[in-house]
Amino acid sequence: MCYVCICPCYVLIKPQTMRNILLLLIILCSVTVSAQQFRRDKIALIEYSSLDKSSENYSKTFLYYKDGVAKVYHETEGVELSPLVAKEFSFVNYTDSICTVKAQLKDNKNIHYSFPIKNLYNFNLTDEYTDILGYKCRKATKVSFSNKIEVWYTTEAKVKGSPIPGYGLTEGLIMKISRNGNVVLCASAIKFLNKRKAKDIEYGDLGEKVNPKEEILNHI
C-alpha cells in the first residue's frame with residue numbers, strides 16, 4: 001500500500017492504482033513537451049519549383065507548416081491537365097504521427113486515406129552538406145521501388161515537412177529532392193508568417209476513406 005499526503009490527512013492508494021497514476025503523468029508530460037516544441041517552431045510557407053526533365057512540365061509545390069502540421073499542395077504553370085486528374089493534398093500531423101492524403105476528384109468528390117509516418121523515417125544519412133536559401137542542408141539517400149531518392153534537409157529553419165511526404169521524412173525540412181537525377185524539386189522561397197495573422201491548417205471535407213493510392217485511381 002502507498003500513502004499519499006493530502007493535508008490534513010493521508011489517502012490510502014493501492015500499488016496498481018499508483019502505477020496507473022504515474023503512467024498517466026508520464027504520458028501527460030510527454031504530450032506537454034511535444035506541444036511546447038511545436039509552439040517554438042515557426043510558421044512558414046515554403047515554395048518549391050520543379051523541372052521534369054523528361055516532359056519539360058513546370059510546376060510549383062507549396063508546403064505550409066503551422067502548429068506541428070505540414071500541408072502540401074501543388075500548382076502547375078503552362079500545363080493543361082485533364083479534368084480526370086485528381087488534385088491532391090497531403091497533411092503530415094507530427095503530433096499524431098499520421099499522414100493524411102486527400103484527393104479532389106471530378107464532380108468535386110473527395111476521398112482520402114491515412115497512414116502512420118513512423119515508417120517514413122528510413123533515409124540513410126551522409127556526411128555531405130550544401131547551402132540552400134542560406135540554410136545548411138544535409139544529404140540523405142534511400143532506394144524506393146528501384147528508384148534512387150536523394151534529399152537535402154535542414155534543421156535550422158525550425159520547420160518540418162517534405163514536399164513529397166511519400167518519399168520519406170527527416171527530422172527537419174526537406175529543401176531538395178532528386179529521383180534518379182531526372183526529377184529535381186528544390187525550395188525556391190521561404191516566407192515566415194506572423195502567428196496572429198497566420199491561418200490555421202484545415203483538412204476540409206475529407207470525403208470517403210479508401211485504401212492507399214491504387215484506390216484513388218479506381219475512383220477517377
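Reader: With which residues is Ala70 in contact, once its neighbours within four places in sequence are left aside?

Author: This is a predicted model, and in it Ala70 is in contact with Leu63, Tyr64, Tyr65, Ser90, Phe91, Val92, Tyr94, Lys160 and Gly161, leaving aside its neighbours within four places in sequence. Ala70 itself is found in strand S5, which covers residues 69–77. A distance between C-alpha atoms can be read beside such a list: Ala70 and Pro165 are 95 residues apart in sequence, yet 9.6 Å apart in space, C-alpha to C-alpha.

Reader: Is Ala70 buried or exposed?

Author: The cut-off for buried is under 20% relative accessible area. Ala70 counts as buried because its relative accessibility is 1%.

Reader: How should I read a nonpolar core, and which residues touch the most other members of the largest one?

Author: In soluble globular proteins, nonpolar side chains tend to be buried together. Here the largest nonpolar core has 29 residues, of which Ile46, Leu63 and Leu173 touch the most other members. The elements giving two or more residues to this core are strands S3 (44–52), S4 (58–66), S5, S7 (98–104), S8 (110–116), S10 (135–144), S12 (173–179) and S13 (183–192). There is also a second, separate core of eight residues, which includes Phe123, Ile149, Tyr153 and Ile177.

Reader: Which residues does Leu173 touch, not counting those up to four places away in sequence?

Author: On that count, Leu173 touches Ile46, Tyr48, Leu63, Trp152, Tyr153, Thr154, Ala157, Val159, Lys160, Gly161 and Ile190.

Reader: How are S12 and S13 joined?

Author: The two strands run antiparallel and are joined by four bridges, with Ser178 standing opposite Val184 in S13. S12 and S13 form a hairpin with three residues between them, and Asn180 in the turn has a positive phi of about 55°.

Reader: Where does Asp67 lie, and what is its phi?

Author: Asp67 lies in the loop between S4 and S5, and its phi is near 50°, a positive value in a residue other than glycine. Ser97, in the loop between strand S6 (87–93) and S7, likewise has a positive phi, near 60°, and is a residue other than glycine. Asp67 is partly exposed, with a relative accessible area of 40%, and Ser97 is partly exposed at 34%.

Reader: Which elements of the chain have the lowest and the highest mean pLDDT?

Author: Helix H2 (residues 214–219) has the lowest mean pLDDT, 46, whereas strand S9 (residues 124–132) has the highest, 97. For the chain, the mean pLDDT is 79, and 70% of its residues reach 70 or more. Two stretches call for care in reading: pLDDT stays under 50 over residues 2–7, for which the model has 14 contacts beyond four places in sequence, and pLDDT also stays under 50 over residues 27–39, for which the model has five such contacts.

Methods:
Residues numbered from 1 in each chain as written. Predicted model: local features only at pLDDT ≥ 70, side-chain atom pairs only at ≥ 80, totals over all residues. Heavy atoms only, no water. Buried < 20%, exposed > 50% of the residue type's maximum accessible area, 1.4 Å probe, protein only. Contact = heavy atoms within 4.5 Å. Core = buried A, V, L, I, M, F, W, Y, C linked by side-chain atoms within 4.5 Å. Pairing = 2+ DSSP bridges. pLDDT = per-residue confidence, 0-100.
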